[in-house]
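Please keep the model open beside the text while reading.

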Amino acid sequence: PVSDGSNTATTDASGQHPLTGSVQVLFDGEQVRMLDPSFVPLSATVDDGLLAFGDIPAGLGTTAHHVQEGRDWLHAIEPGHGWLTFPTWVSPSYHGATCNGQFANGALLFANGFPGSCDPTNQSQDIIRHEFGHGIHVGGLLGGAFDAAISEGTADYLAATVTGDAAIAPDFLGPGTPLRDLEPDRVYPADFIGGVHTQGLIVGSMLWNLRSDWAASMPDGVERDDALAVRMLHYGPTYPDLAEALLAADDDDGDLANGTPH
């Protein structure tokens with residue numbers, strides 16, 4: 001929404017609007033709502049009617065872009081997914097000078113980074129799509145329970161499949177130093193160690209291996225694996241019942257006894 005004090009308008013898909021002169025721009029769309037640290041919709045006053053880079057908070061454009069792309073990606077896989085039934089709330093500068101992104105209380109929260117330690121999380125496509133992946137998990141649960149390790153690993157996969165790179169945020173901790181990497185194989189229970197991000201690499205590496213196998217054997221293999229990952233989360237699996245959730249997600253006739261398509 002934009003306002004010149006007397007008239008209001010809504011930008012079109014390309015960001016254009018009919019008002020001129022000094023306008024107040026509210027970054028509060030139907031699908032993505034940009035919020036300040038107090039969860040108030042972000043706004044900016046623009047003197048020439050057009051937004052310039054200096055008019056908006058750091059990371060706002062990047063987070064808004066990748067969250068909208070995430071919604072479009074999910075809609076193509078499952079138009080009725082629960083995470084799409086309401087706007088995505090995003091705070092692009094919630095944590096100040098830290099190296100963290102979070103999914104909390106249904107909102108995606110990002111930070112400005114810390115020079116010498118990490119890049120801004122609000123300008124990392126992988127981290128933005130990772131946090132959006134947690135929303136896919138929570139917003140799509142139809143049974144089972146929310147398992148943090150499964151969520152972290154699947155969110156890593158959902159970020160990696162967009163770029164086709166198994167390294168999550170490849171230079172986040174310095175040149176050539178990714179946040180995590182899905183390429184090394186990990187298995188349960190031998191590699192179920194450390195915190196939930198490390199434990200999540202088990203399911204993340206499994207989905208990445210499957211993506212590679214299916215991409216080599218089917219023209220739409222990547223899309224099939226992406227859809228499988230999204231459907232798997234509906235069942236709320238933990239590691240002990242993950243295989244069953246994957247089979248159920250792949251099933252096409254309600255009968256696991258006769259074999260799933262893959």
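Proline 189 is found in the loop between S10 and helix H4 (196-217), where helices (H or I, at least four residues) and strands (E, at least two) are DSSP runs, numbered from the N terminus. The peptide bond that leads from tyrosine 188 to proline 189 is cis, with omega near 5°. Most peptide bonds are trans, and most residues other than glycine have a negative phi.

This is a predicted model, in which local features need pLDDT of at least 70 and side-chain atom pairs count only at pLDDT 80 or more, whereas totals for chains, interfaces and linings use all residues. Residues are numbered from 1 along each chain as its sequence is written, and side-chain values use heavy atoms, with hydrogens and water left out.

Two further places in the backbone deserve a look. Phenylalanine 39, in the loop between strand S4 (32-34) and strand S5 (43-46), has a positive phi, near 65°, and asparagine 105, in the loop between strand S7 (102-104) and strand S8 (107-109), has a positive phi near 55°. Phenylalanine 39 is partly exposed, with a relative accessible area of 28%, while asparagine 105 counts as exposed at 81%; buried means under 20% relative accessible area, exposed over 50%, and partly exposed in between (1.4 Å probe, protein chains only).

Turning to the whole chain, there are 6 helices and 10 strands. The radius of gyration is 20 Å, close to the 18 Å that the globule rule gives for 262 residues, so the chain is as compact as a globular protein of that length; the radius is taken over C-alpha atoms, and the rule is 2.2 Å times the number of residues to the power 0.38. Of the 262 residues, 43% count as buried. Among contacts with a separation of 6 or more, 50% come from residues 24 or more positions apart, a contact meaning heavy atoms within 4.5 Å.

A search of the whole structure finds 3 salt bridges, each defined as a side-chain nitrogen of Lys or Arg within 4 Å of a carboxyl oxygen of Asp or Glu. In one of them, the closest N and O atoms of arginine 180 and aspartate 156 are 2.7 Å apart. Arginine 180 lies in strand S10 (residues 180-181) and aspartate 156 in helix H3 (residues 148-163), so the pair ties together parts that are 24 residues apart in sequence. Both of these residues are buried. Arginine 224 and aspartate 220 also meet through their side chains, at 2.9 Å from N to O; here arginine 224 is partly exposed at 33% relative accessibility, and aspartate 220 is partly exposed at 30%. The side chains of aspartate 28 and arginine 33 form a salt bridge at 2.5 Å, N to O.

Which side chain of opposite charge is nearest to aspartate 225, a buried residue that has no salt bridge? It is arginine 211, 5.8 Å away, with Lys and Arg counted as positive, Asp and Glu as negative, and His and the chain ends not counted. Aspartate 225 belongs to helix H5 (residues 221-234), and, leaving aside residues up to four places away in sequence, aspartate 225 touches Tyr157, Leu207, Leu210, Arg211 and Trp214.

Leucine 242, in helix H6 (residues 242-250), is buried, with a relative accessible area of 9%. Residues touched by leucine 242, not counting those up to four places away in sequence, include Ile150, Val203 and Met206.
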